Amino acid sequence: MAEPERPGAERWVPEDAGIPRLRDAVQDCRGCELWAHATQAVFGDGHEKARMMLVGEQPGDREDLAGEPFVGPAGRVLDEALERADIAREEIYVTNAVKHFRFEQRGKRRIHEKPGVVHIDACRAWLEAEMRAVDPRVVVCLGATAARSVLGRTVRVGPERGQPIAHEGRTVVVTTHPSALLRVRDTAERESALVALTADLRVAARESA
Ligand code: URA
Ligand code: SF4
């Protein structure tokens, strides 16, 4: 009997394509089931030859509607940290490990649901294609999902954050996901989390110079 087909985006990813063609092609991807309930795929955006690439987890509610990464609440935190680190968003490339929004419908609200390892693995071919096309020196992983996709192993952000990791000819820097800051209620605690995120982004900027 034939093996059931393994989920994976490979057959939808055009070979040797630049970002514009990849961005078109991703809308047809059926590499896992997440396409079915999302509004659209959200591909990466930014400088197509950036020295620094930022990888998040997956689009959120706002990104799913807008079709662009990090334009909602987490994006505002990210923009604040980038500004503090003196990094211009138009000089970097920003994307996600998973290109379709995974959520649970509760009444009218769509509640973010973490992508599973199966979705991260299925979607990795798109991220790899983006890395080939953009060819950044430094890849910043915003949170454990991005780190898992990029490094191919389980990463604990706490012990590994802010330390340049040599990986397949590039430098990888792991840091926290900006949305983690949205959950911090205490103002002082939130400020120190933002300071730490900014410091990690500075490490990445230095490595990409
Ligand atoms: N969180 C992410 O990981 N990516 C986005 O694009 C938005 C929120
Ligand atoms: Fe394809 Fe990724 Fe969307 Fe799954 S999440 S359908 S692998 S683009």
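Modeller: The answer below starts with the sheet, moves to its helices and ends with a hairpin.

The model is predicted, so local features require pLDDT of at least 70 and side-chain atom pairs count only at pLDDT 80 or more, while totals for chains, interfaces and linings use all residues. Residues are numbered from 1 along each chain as its sequence is written, chains are lettered from A and ligands numbered from 1 in the order in which they are written, and side-chain values use heavy atoms, with hydrogens and water left out.

Six strands form an open sheet with mixed pairing, in the order β1-β3-β2-β6-β8-β7. Strands here are DSSP runs of E with at least two residues, helices are runs of H or I with at least four, and both are numbered from the N terminus; two strands pair if DSSP finds at least two bridges between them. The edges are taken by β1 (45-46) and β7 (165-167); each has a single partner strand, so one side of each lacks a neighbour in the sheet. Within the sheet, β2 (residues 52-56) pairs with β6 (residues 138-142) in the parallel sense, over four bridges. There M52 stands opposite V138 of β6.

Two helices lie across these strands. Helix α5 (residues 144-151) lies across β2, β6, β7 and β8 (170-175), at about 140 degrees to β6. Helix α8 (residues 187-208) lies across β2, β6 and β8, and runs at about 175 degrees to β8. Axes are lines fitted to C-alpha atoms, for helices over the stretch in contact, and angles run from 0 to 180 degrees between N-to-C directions; contact means heavy atoms within 4.5 Å.

Strand β4 (residues 103-106) runs antiparallel to β5, joined by four bridges. Two residues lie between the strands, and G107 has a positive phi near 65 degrees. I111 belongs to β5 (residues 109-112) and is the bridge partner of E104. Beyond its neighbours within four places in sequence, I111 contacts R102, F103, E104 and R106. G162 is 51 residues from I111 along the chain, and their C-alpha atoms are 30 Å apart.
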